[in-house]
Amino acid sequence: SKKQWEGCMEIAVQTARTAGQVIREAFKHEKEVSTKSSPVDLVTETDRLVEDLIISSLREKYPSHRFIGEESSAAGEKCLLTDSPTWIIDPIDGTCNFIHSFPMVAVSIGFAVNKELEFGVIYHCLDENLYTARKGHGAFCNGIQLQGSKETDMSKALILTEIGAKRDPATLKIFSGNMERLLKAQVHGIRVIGSATLALCQVASGAADAYYQFGLHCWDIAAAAVIIREAGGNVIDTSGGPLDLMSRRIVAAGTVEMAHYIAQEIQTITYERDDHN
Ligand code: LIP
């Protein structure tokens, strides 16, 4: 029932805060870094430790629920969204930032039932900003209601994007081509902050007008999508169609016009889906 998911959300908030404390402490110390899919796809001991901490404490409370986590998936677990209540977790979003002690690092916990996102919690561990939203109940940062931007004019837009892990020449060409087209449209600026979830929270709060990226994952999107929608914003696929959580691409914006404008401007960088095989 609705009430039940409300309880789950309270637990998600507590869990994100606890995880955030662990990350905040680890932030001050030397990090042990290894690579995953590529030399720029990074992971630390803390990513794994925090994901274990989050999933084990949630599993204890909700033994029948399913879990999708960044590091469990990297370790070979299937990334499949079913109708069961499913927690979608990024223990440290902004791992590269974390490694460099660049202070843009978040815990992201999304929750879906019947493949529909019910709530999202994103905790900026260092600023201690807690972004929360439950379907139909608005979006908040530390309890203050969020409202996305009303901007429809591209030439007045501040846009965020992220780079992604693929660095082959063909990918880089499309990546910079996309930036070039937006810059030629005279957008005010483009920013890359190193955390997809925190960038998406800036769209929810109206500090940025739009966000787009190819190559992110369902755990970067799940919580943020609810937060943006509940802040009155839009999340769509880069094709202009509805958002597909597993497609590894997104356009988010305060207005429908802005979202579709960007979707039209940018060319596709192909990544393997999160739910492949
Ligand atoms: C990363 C994001 C980054 C984005 C990558 C990736 P991680 O997540 O923070 O901004 O460009 O696609 O998803 O690995 O730090 O959790």
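Buried means under 20% relative accessible area, exposed over 50% and partly exposed in between, with a 1.4 Å probe and protein chains only. The model toured here is predicted, so local features need pLDDT of at least 70 and side-chain atom pairs count only at pLDDT 80 or more, while totals for chains, interfaces and linings use all residues. Residues are numbered from 1 along each chain as its sequence is written, and side-chain values use heavy atoms, with hydrogens and water left out.

Select Phe111 first: this residue is buried, with a relative accessible area of 0%.

Next, select Phe27 and Phe98, both of which are buried. Their ring centres lie 6.2 Å apart and their planes at 50°, so this pair is tilted. Now show Lys31, which lies over the face of Phe27 at 4.9 Å from the ring centre, and whose charged end also sits over the ring of Phe98, 5.0 Å from its centre; a charge sits over a ring if NZ of Lys or CZ of Arg is within 6 Å of the ring centre and within 35 degrees of the ring normal.

How values were computed. Rings of Phe, Tyr and Trp (its six-membered ring) pair if their centres lie within 6.5 Å; planes under 30 degrees apart count as stacked, over 60 as edge-to-face and the rest as tilted.
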